[in-house]
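Biologist: Could you please walk me through this structure, term by term?

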Amino acid sequence: MAAGAPPIPPQIDPDADRTTDRILRIFCRFVSAGYVLYLLLLVPNIVAGAGVTAPWWTPTALMLVFVPGITLGALTFHREPSHRSAAGVRATAAACALGYLAAAALWVPAWTGALIDSPQGMWFSQFNGLASLAAVIAWRARWAFVHLVVAAVTVQVINHAVRAPDVNGALLPEIAWSLAFCLLPISAGVMAMRTGRVLDATRQRTYAAAASAAATEARAVERGRIDALTHDGVMATMLSAARQDMSPVLAAQARTTLTKLDALAHAGDLSPDIGVTEVLAGIRSAVAEVDDALDPDVALDPDASVEPDSKAARYPRDAVRTLGAAAAEALRNVHRHAGTCTVVVSIRVGPDALSVVVADDGAGFDTDAVPGDRFGVAVSILGRVRAQSGCAAQVRSRRAAGTRVTLEWRRP
């Protein structure tokens with residue numbers, strides 16, 4: 001980028017704007033905070049439990065239970081494409097749920113037969129619902145409820161076996177209480193995740209409807225252009241010919257109208273591929289429609305400036321139009337929302353790739369706070385570009401740190 005260009009703000013993946021992703025991040029941090037809190041509060045119980053088990057069990061159980069639980073929250077702060085981060089989060093949540101059951105299962109061969117003189121029993125019995133909340137993140141709802149039942153029954157049976165008779169209680173009421181106590185938060189978690197998926201589906205349908213409306217409007221504009229040419233050219237020429245004899249002015253008007261009609265008729269016959277010169281001209285023209293004082297910074301790969309007949313120097317016309325239109329929309333957003341700022345447009349042309357970057361150092365924005373009914377970025381930029389074969393779009397922004405929109409095409 002040219003000297004004086006705005007700094008590059010941190011990346012915000014537009015996909016992370018999905019409601020499900022937001023709920024997932026909040027949910028994971030809540031569960032992870034629970035693991036940290038229980039680890040701190042249950043130190044005396046952990047020490048007591050170590051006295052009735054083989055030496056290897058306590059460190060093994062702590063690793064199986066708490067390491068995945070604490071890691072779960074840490075993963076939500078990692079910025080990467082949402083489909084990758086969600087897969088990692090769900091795998092870690094599954095490790096939380098299974099690690100808890102594994103620790104409980106390993107307790108059986110590790111138990112020495114000694115008893116605990118405390119009504120609390122083993123330390124891991126105090127938060128079996130937390131592991132089942134992790135199961136809500138990892139699996140379908142029915143498996144999360146199965147996990148809850150298995151975990152509650154297992155740990156209460158273990159407690160009943162390890163507690164001294166004078167502090168022990170009835171087994172079935174304790175199992176029922178454990179299930180009832182955990183059932184409400186587990187159900188709330190399941191409903192929250194389902195609500196997020198429903199909202200995401202509704203948003204996608206809304207975006208699709210907005211894109212369809214934009215296509216309808218584009219067709220209306222094209223019809224208007226044809227109607228205007230018909231009225232201003234064809235009908236005006238015919239009317240003039242009916243009212244007056246042939247004249248040089250009328251002949252020139254007729255030739256101009258025929259030229260425009262011919263261009264309109266053969267608009268679909270244009271070559272699907274264009275050269276470097278046309279690429280730069282098309283993108284510059286799109287930028288100039290919004291801000292004719294802005295001179296894009298151009299970087300041209302030497303391998304791209306070859307003979308016009310070379311395949312490496314040809315680029316799909318539709319992709320170039322798409323990048324230009326999206327860049328123009330990004331510039332309009334700068335003028336509408338960024339305030340007084342410096343804006344730079346950069347064009348990079350390589351033998352197998354094109355990129356257009358629109359960067360400003362203006363007000364910026366938080367994509368997580370954008371209302372669901374605002375389609376400027378989602379439809380006019382991201383949706384438009386991603387619908388075009390070979391094209392990709394990315395938005396980076398932060399409040400008071402500007403915005404950077406990157407639009408790319410790569411040769412298959």
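This is a predicted model: local features need pLDDT of at least 70, side-chain atom pairs count only at pLDDT 80 or more; totals for chains, interfaces and linings use all residues.

Modeller: Residues are numbered from 1 along each chain as its sequence is written, and side-chain values use heavy atoms, with hydrogens and water left out.

Biologist: How many helices and strands are there in the protein chain?

Modeller: The protein chain has eleven helices and seven strands. Helices (H or I, at least four residues) and strands (E, at least two) are DSSP runs, numbered from the N terminus.

Biologist: And what share of the residues is buried?

Modeller: Of the 412 residues in the protein chain, 40% are buried. Buried means under 20% relative accessible area, exposed means over 50%, and partly exposed lies in between (1.4 Å probe, protein chains only).

Biologist: What about contacts between residues at least 6 apart in sequence?

Modeller: Among those contacts in the protein chain, 79% join residues at least 24 apart. Contact means heavy atoms within 4.5 Å.

Biologist: Let us turn to helix pairs. How is such a pair described?

Modeller: Two packed helices are described by the angle between their axes and the distance between the axes. Axes are lines fitted to C-alpha atoms, for helices over the stretch in contact, and angles run from 0 to 180 degrees between N-to-C directions.

Biologist: At what angle do α1 and α3 cross?

Modeller: Helix α1 (residues 19–41) and helix α3 (residues 57–75) cross at roughly 140 degrees, and their axes come within 7 Å. That makes α1 oblique to α3. Angles under 35 degrees count as roughly parallel, over 145 as roughly antiparallel, 65 to 115 as roughly perpendicular and the rest as oblique.

Biologist: Is that crossing left-handed or right-handed?

Modeller: The crossing of α1 and α3 is left-handed. A crossing is left-handed if the near helix is turned anticlockwise from the far one by less than a right angle, and right-handed if clockwise.

Biologist: Which residues meet there?

Modeller: The α1 side includes Cys 28, Arg 29, Tyr 35 and Leu 39, and the α3 side includes Val 65, Phe 66 and Gly 69. By class, this contact of α1 with α3 has ten nonpolar, three polar and one charged residues. Ala, Val, Leu, Ile, Met, Phe, Trp, Tyr, Cys and Pro count as nonpolar, Asp, Glu, Lys and Arg as charged, and the others, Gly among them, as polar.

Biologist: You mentioned Phe 66. Which residues does Phe 66 touch?

Modeller: Not counting residues up to four places away in sequence, Phe 66 touches Tyr 35, Tyr 38, Leu 39, Trp 123 and Phe 127. Phe 66 and Tyr 35 are 31 residues apart in sequence, and their C-alpha atoms are 6.3 Å apart in space. Phe 66 counts as buried because its relative accessibility is 4%.

Biologist: And Cys 28, is it buried or exposed?

Modeller: Cys 28 counts as buried, at 0% relative accessibility.

Biologist: How many disulfides are there?

Modeller: The count comes to zero disulfides, a disulfide being a pair of cysteine sulfur atoms within 2.5 Å. For Cys 28, the nearest cysteine sulfur is that of Cys 96, 8.6 Å away.

Biologist: How do α1 and α5 cross?

Modeller: The axes of α1 and helix α5 (residues 128–138) come within 10 Å and cross at roughly 160 degrees. The two helices are therefore roughly antiparallel to each other. Their crossing is left-handed. By class, the contact of α1 with α5 has twelve nonpolar, one polar and no charged residues.

Biologist: What about α5 and α6?

Modeller: α5 and helix α6 (residues 141–162) pack at an angle of about 160 degrees, with axes 9 Å apart. That makes α5 roughly antiparallel to α6. This crossing is right-handed.

Biologist: To finish, where is Leu 323?

Modeller: Leu 323 lies in helix α10 (residues 317–338). Leu 323 is buried, with a relative accessible area of 0%. Apart from neighbours within four places in sequence, its contacts include Leu 354, Val 356 and Trp 409. The C-alpha atoms of Leu 323 and Leu 354 are separated by 9.0 Å, although these residues are 31 apart along the chain.
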